[in-house]
Amino acid sequence: LLENLSGFLRHYKNLPVDLETHAGAILVQPWSKTVEEMEDFTGKIKPLQELLDSLLNYGSCKESGWLDQLKVEGPIFETILEDFLRAAVQTDVGLISEIVSDQLVPYVESLFGILEKTVMVDLMEKSGGVIR
């Protein structure tokens, strides 16, 4: 799990910037282009959701000081994604952009901080600081 978390954080370190760019592009491009990019967008978000689910499962089985924090973060993420999907169904580009920029980006930045400063530190201590 430590290796997966470390790899995720390295690979997706620019996710907040990518999302912010996406939020701006939504406002100036045709809707058909936005629809095409939804797959790319979900491709960027899905690994974060999968990682969060894995960490919640792991934290439930092992004593983890960060579990309660992630239990709070999970429903927030789900609410943001539900709002995003609802706005997409309504083809409301302004709302989509607002949700991504004002909710999702700050959420991802905050979650990355928790993952790096709390979860990663705990997992490294438990593994003796070894990332394979």
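Predicted model: local features only at pLDDT ≥ 70, side-chain atom pairs only at ≥ 80, totals over all residues.
I started at Ser-127, which is partly exposed with a relative accessible area of 28%. (My cut-offs: buried is under 20% relative accessible area, exposed is over 50%, partly exposed is in between, with a 1.4 Å probe and protein chains only.) Ser-127 sits in helix 5; helices here are DSSP runs of H or I, at least four residues, numbered from the N terminus. Leu-2 is 125 residues away from Ser-127 in sequence, yet their C-alphas are 8.2 Å apart.

Numbering runs from 1 along each chain as its sequence is written, and side-chain values use heavy atoms, with hydrogens and water left out.

Next, salt bridges: a side-chain nitrogen of Lys or Arg within 4 Å of a carboxyl oxygen of Asp or Glu. I got 4 of them.

One of them joins Lys-126 and Asp-122, at 3.1 Å between the closest N and O atoms. Both lie in helix 5, 4 residues apart, about one turn. Is Asp-122 buried or exposed? It counts as buried, at 16% relative accessibility, while Lys-126 is partly exposed at 42%.

I also looked up Asp-83 and Arg-86, whose side chains meet at 3.1 Å, N to O. They are separated by about one helical turn because they are 3 residues apart in helix 4 (residues 67–89). Asp-83 is partly exposed at 23%, and so is Arg-86 at 45%.

How values were computed:
Helix = DSSP H or I, 4+ residues; strand = E, 2+ residues; numbered from the N terminus.
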